[in-house]
Amino acid sequence: MKRRKFLRNSTTAAAGIVSAPLLASFKDETIEKVSSKAGITPIAICTWDFGNATAKAWEVLEKGGNALDAVHQGVMVEENDLNNSTVGNGGRPDRDGNVTLDACIMDKDGNCGAVLAIQNIANPISVARKVMEETPHVMLAGKGAEQFAYEQGFEKTDLLTEESKQAWQEWKKTSHYKPIINIENHDTIGMLAIDTDGDIAGACTTSGMAYKMAGRVGDSPIIGAGLFVDNEVGGATATGVGEEVVRTVGSFLIVELMRQGKSPQEACEEGVKRIIAKNKDKQDFQIGFIAINKKGETGGYCIHPGFSYRTYTKEGHINNPSGSYLKS
């Protein structure tokens, strides 16, 4: 029962209209819910130093908004930033010169939606939410996802900015393809939030690896790999070379480790170690995980030094350098 309704009923009971047993049942139910939420502090956390994104998410949370709206609006800040060449509008194209975007979103009830390799739509996270809320599906890909977006009222947008086009044309002179550690040709924003009700949601969006093969999709829009939320336990999201995250179903793994009792930090560290174990002779790539549990505790870990993650709470807005498996 909502607190406002309980107070209204309590006032009525004091006037002698509601019976004592009924009032007692309302009181017991309300106390149980209030006590279960005691100590909850809203928080927004995202991969990398995307302070504008966490600031937007915090703005939603501070006003009493829910976690789903917070992560949605938060990552949209980066999708709309033309100076961010790894997310949304202005993202680096594939090797054929086409900007293809991936995104997914997940709410407190386990509902989720994703779009893969969508073109000409500036805010794929919004389309992913529409997939979640307006269709019986979880994922839509390519032309089907684009057509669905138009049907939902999204406008067609040329995502290839002049800056990204020039960088692509320069790349074509050698066509050398190798992701560089901590260089933003393979970056992502993943965001998690807890609201005042203690509910968790997450979102993840990216333009993927710059100059990737046409049709390539990494971990970012894959529920369980790039993002996973279980409202009873916590949430996790990833960044870096997505193929390696997919191979370990990384975000789901981290949430399950937290379910077994590990802290978010311990779970992120174990997630990275699982990837290292599968790549004993190959460590020339970056992976970063962040996680949050139901208590609002956070963690982050990566392979190479250089990864960081933003947190925003009532205590402040902080860029947290992540611990790493390999040392500088």
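In which helix is Ser126 found? Ser126 belongs to helix 5, which spans residues 124-134. The model is predicted: local features need pLDDT of at least 70, side-chain atom pairs count only at pLDDT 80 or more, and totals for chains, interfaces and linings use all residues. Numbering starts from 1 along each chain as its sequence is written, and side-chain values use heavy atoms, with hydrogens and water left out.

**Figure 1. Overview of the protein.** The secondary structure comprises 10 helices and 13 strands (DSSP runs numbered from the N terminus; helices are H or I with at least four residues, strands are E with at least two). Of the 328 residues, 53% are buried (under 20% relative accessible area, 1.4 Å probe, protein chains only). The accessible surface is about 14800 Å², and carbon and sulfur atoms contribute 49% of this area (Shrake-Rupley method, 1.4 Å probe). Among contacts with a separation of 6 or more, 63% join residues 24 or more positions apart (a contact means heavy atoms within 4.5 Å).

**Figure 2. The crossing of helix 3 and helix 4.** The axes of helix 3 (residues 51-62) and helix 4 (residues 67-79) come within 7 Å and cross at roughly 155° (axes are lines fitted to C-alpha atoms over the stretch in contact, with angles from 0 to 180 degrees between N-to-C directions). The two helices are therefore roughly antiparallel to each other (angles over 145 degrees). Helix 3 contributes Asn52, Ala53, Lys56, Ala57, Val60 and Leu61 to the contact, while helix 4 contributes Ala67, Asp69, Ala70, Gln73, Gly74, Val77 and Glu78. By class, seven of these residues are nonpolar, three polar and three charged (Ala, Val, Leu, Ile, Met, Phe, Trp, Tyr, Cys and Pro count as nonpolar, Asp, Glu, Lys and Arg as charged, and the others, Gly among them, as polar).

Figure 3. Leu101 counts as buried because its relative accessibility is 0%. Leaving aside neighbours within four places in sequence, the contacts of Leu101 are Gly88, Val115, Leu116, Ala117, Ile118, Ile121, Ala122, Pro124, Leu159, Thr206 and Ser207. The C-alpha atom of Leu101 is separated by 8.9 Å from that of Asn89, 12 residues apart along the chain.

Figure 4. Not counting residues up to four places away in sequence, Ser126 touches His72, Met76 and Phe154.

Conventions
Buried < 20%, exposed > 50% of the residue type's maximum accessible area, 1.4 Å probe, protein only. Parallel < 35°, antiparallel > 145°, perpendicular 65-115°, else oblique.
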